[in-house]
Amino acid sequence: MIREELDQPILKLPGVGPKTSGKLAALGYTTIRELLDLLPRGYEDRRTILPLSNALGSPPPGVRIVTVVEILDHQFFGPRGNLKIVVRDGSARATLVCFGRNFLTGTLPIGKFFLLSGLFLYRYNEIQATSFETEPLSPSVGAELETWVQSGGPAPVLPPSRQFGGILPRYSNLGGIGEAKVRFLVDHALETYARHLEDPLPHWLIDKKKLLPYTVALGQIHRPNHLSEVTQARTRLAYQELFLLQLGLAWQATQRKKLPKAKVVLEVPSLFESPSVKKILPSLGFSLTKDQVRVLEEFEKDLRGSGIMGRLLQGDVGSGKTIVGFLTAAYLADQGQQSVFMAPTELLARQHADNAHRFLSPAGLTVAFLSGGLSGANRSRLLEGLKAGRIHVLVGTHAVFTKDVEFHSLGLSIVDEQHRFGVLQRTALQKKGERVHLLLMSATPIPRTLAMTVYGDLEVSTLGEKPPGRRDIETHLARMGNEKKVYDFVRKQLEQGRQAYFVYPRIEGDSSSDDEPQPTPEIKSAEAMFEHLGKMFHNFRLGLIHGRLKEDEKTRTMAAFSQGDIDLLVSTTVVEVGVDVANATCMVIEHAERFGLAALHQLRGRVGRSELQSYCFLVYHEPLTETGKERLRIMKETNDGFLLAEKDLELRGPGDIQGIAQSGFLQFTYANLGTDMKIMNEARKDAFALLVNDPGLQRPEHSNLRKILEY
Ligand code: ADP
Ligand code: MG
């Protein structure tokens, strides 16, 4: 079986209906491959019994218990008649508190035995858990365990079963799909699809580096027999990830060298003397910062030379990268060249298209927006205009990659928020013209030491200073329970005509999954809070936006917010990237402990986009992990994206699997740049050497690599 088969939709797995696959798709998981690349956020050792008595006297956050229990009683409490299940194991009694899950009386009947695990703590004179997992004890293996439950003594050995008796991977709760279900899906994907996969790396390389075979590594990372297997597997997968990145960079560098040099360097005016640029600048309403001018001059040198520009424009959120891109496009338009401007989300692309139109029309330049939803006659008309050269700048999402998108003469491709795109993806547009300059833009700065290894032969330009008059955003932390103060503050801002964002980690509140009962701590969701805030802020206009809404609905809401027709926007991280509404001065992020540093910084960057003082409130839920605490502290202390990126690397200490998963400054699945630089350097050497020996990847043993690169 080859790797492409992993690109089948998750819908193919048993037990996955449109509901589950919809939830997964909203989080960006659509294929079996993406499911397999889901890194466990940790592991739980369920090989031995950790009896209930361990939780005696244990304060929050409590202790992990793995045991066998007998169900003793069902009780109901409180005005809503919530269910409490009394259980015992061979060491103590405990209570399972089941808010809103009274159906569990049927699942966990009195007198039956179950394997049980959960986080237990001691309060109100009893051992309690609100979050737990169970599995029926099969009678064939249960006799000895049942005797222990009833008469105590030393705890027996747990027989292996689906969720117990081994080392269990822990997955994040995926948008309301419970962990047990995620585990089931991953297991199935491993069993049915991953088992027979060909290795993407050639055998000689695997031998030389003494790596685990691919399928073995995948199996071990999800289902290790020992924790040492996780390390081994992760190393293999990290090497592969970094090797493919480096091979991509090496490949890209060779391809760029093959591009023809300009025959004659045309006599073109300097950028600031170019007719379109001269018309646009006075109509901007602001003057460029010194940094913007310097960066444009750096571009100009490349663009007037005979070579081809390959540049990364780094600049913190709000530093004004977009206009730099537009002016570069205008400069090329004066030389008869078209530009394409690509953004990772439809929301952002549309915003760019509107701005491009506003900024470029004084020079008589034509901008078109290619949305994924555009079809029929409108689409044909757009494509025709593009091919005839009547359109100077095309703005869009991935949709611009499509085969039938042809240019008259494409001269520049600009990729915004480039870290959202793969290495090869971001250069794919270069195939749509003869000599296409490349400009990548990123608000997620990476430390200089890494730039070379991650960007290969691209040159880096940096926007350090922000537009004049910008004040630092004030960041405040608030414990959940104290959010009233935050809300009151925001209300005052709204009363002054300002606008606010409220961001939540998930879309829906109720996350009871399709089959098994799931432990779900109370997490605020965008939908539930939209209702709640609607009451609290009843004299203001609220909007709701999240990934599961239809494109045109998102667009309408976003447009209303940017025109000031919505005062308070409740959202998930869809507003994370690039959205620019100058009048918004408050960013409230609830459950801030659930976001990585990169996301927090990006979200905070949605405010502070004018001369108004802006505020960011990070509302967190206790208990916080050590890293969680550190993240919030750093956010409070600094607004500097470069510093944040470096801290982000530091915080990802050895073995900090969760840190890798949460971090977004550089998006790797398995590799950890805090600790894997050695692997990165090796992978780089190996990849470049391989291309020297087999430049076209023509040898049969490299055909898998070639397929991956071309794909
Ligand atoms: P980012 O670098 O995060 O992509 P943007 O390009 O969205 O930032 O710019 C942020 C805001 O600052 C935009 O509203 C933009 O029009 C404005 N802006 C850009 N350059 C300047 C400048 N030199 N002076 C004042 N405002 C500027
Ligand atoms: Mg931007």
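Trainee: What joins S3 to S4, and through how many residues?

Mentor: In general, the strands of a sheet pair through backbone hydrogen bonds, either parallel or antiparallel. In this model, which is a predicted one, a hairpin of four residues links S3 to S4. Strand S3 covers residues 82-88 and runs antiparallel to S4, with six bridges between the two, and one pair to look for is Val-86 with its bridge partner in S4, Thr-95.

Trainee: In which sense do S4 and strand S6 pair, parallel or antiparallel?

Mentor: Strand S6, residues 126-129, pairs with S4 in the parallel sense over two bridges, and here you can follow Leu-96 to its bridge partner in S6, Ala-129. Strand S4 itself, residues 93-98, is mostly covered, since five of its six residues are buried.

Trainee: What is the order of the strands in the open sheet of six strands?

Mentor: The order is S16-S21-S20-S17-S19-S18, and the pairing is parallel. Strands S16 (474-479) and S18 (542-545) stand at the edges with a single partner strand each, so one side of each has no neighbour in the sheet. Neighbouring strands of this sheet are turned against each other by 15° on average, direction ignored.

Trainee: How many bridges hold S20 to its neighbour S21, and which residue is the bridge partner of Val-588?

Mentor: Strand S20 (residues 584-590) and strand S21 (residues 615-620) pair in the parallel sense over five bridges, and the bridge partner of Val-588 in S21 is Phe-617. S17 and S20 also pair in the parallel sense over five bridges, with Val-503 having Ile-589 as its bridge partner in S20. Seven of the seven residues of S20 are buried, so this strand is largely enclosed by the rest of the structure.

Trainee: Which strands does H16 touch where it packs on the sheet?

Mentor: Helix H16 touches S16, strand S17 (499-503), strand S19 (568-571), S20 and S21, and its direction makes about 160° with that of S20. Helix H19 packs on the sheet as well, touching S16, S17, S20 and S21, with its direction at about 155° to that of S20.

Trainee: Why is H19 described as largely enclosed by the rest of the structure?

Mentor: Helix H19 spans residues 597-604, and eight of its eight residues are buried, so the rest of the structure largely encloses it. The buried residues include Leu-597 and Leu-600, but also His-601, Gln-602 and Arg-604.

Trainee: Why does Val-490 count as buried?

Mentor: The limit for buried is under 20% relative accessible area, and Val-490 counts as buried because its relative accessibility is 0%. Val-490 lies in helix H16, residues 483-495, and, leaving aside neighbours within four places in sequence, Val-490 is in contact with Ala-500, Phe-502, Phe-537, Cys-586, Val-588 and Phe-617. Sequence separation and distance in space can be read side by side for Val-490 and Leu-568, which are 78 residues apart in sequence and 9.4 Å apart in space, C-alpha to C-alpha.

Trainee: How many residues has the largest nonpolar core, and which have the most contacts inside it?

Mentor: As a general idea, nonpolar side chains in soluble globular proteins tend to be buried together. The largest nonpolar core here has 58 residues, and those with the most contacts inside it are Leu-13, Phe-243 and Leu-247. Among the elements that give two or more residues to this core are helix H5 (179-194), helix H8 (227-258) and helix H23 (677-693), and the largest share, 13 residues, comes from H8. Beyond its neighbours within four places in sequence, Leu-13 is in contact with Ile-32, Leu-35, Leu-185, His-188, Ala-189 and Tyr-193. Another core, of 41 residues, lies apart from this one, and Phe-299, Leu-360, Leu-365 and Phe-369 are among its residues.

Trainee: At what angle do helix H10 and helix H11 pack, and how far apart are their axes?

Mentor: Helix H10 (residues 290-304) and helix H11 (residues 321-334) pack at an angle of about 35°, with their axes 11 Å apart, and their crossing is right-handed. The contact is made by residues including Val-295, Leu-296 and Phe-299 of H10 and Ile-323, Leu-327 and Tyr-331 of H11. Sorted by class, this contact has eight nonpolar, two polar and two charged residues.

Technical notes
Residues are numbered from 1 along each chain as its sequence is written. Chains are lettered from A and ligands numbered from 1 in the order in which they are written. This is a predicted model: local features need pLDDT of at least 70, side-chain atom pairs count only at pLDDT 80 or more; totals for chains, interfaces and linings use all residues. Side-chain values use heavy atoms; hydrogens and water are left out. Axes are lines fitted to C-alpha atoms, for helices over the stretch in contact, and angles run from 0 to 180 degrees between N-to-C directions. A crossing is left-handed if the near helix is turned anticlockwise from the far one by less than a right angle, and right-handed if clockwise. Contact means heavy atoms within 4.5 Å. Ala, Val, Leu, Ile, Met, Phe, Trp, Tyr, Cys and Pro count as nonpolar, Asp, Glu, Lys and Arg as charged, and the others, Gly among them, as polar. A nonpolar core is a set of buried Ala, Val, Leu, Ile, Met, Phe, Trp, Tyr and Cys residues joined through side-chain atoms within 4.5 Å. Buried means under 20% relative accessible area, exposed over 50%, partly exposed in between (1.4 Å probe, protein chains only). Two strands pair if DSSP finds at least two bridges between them.
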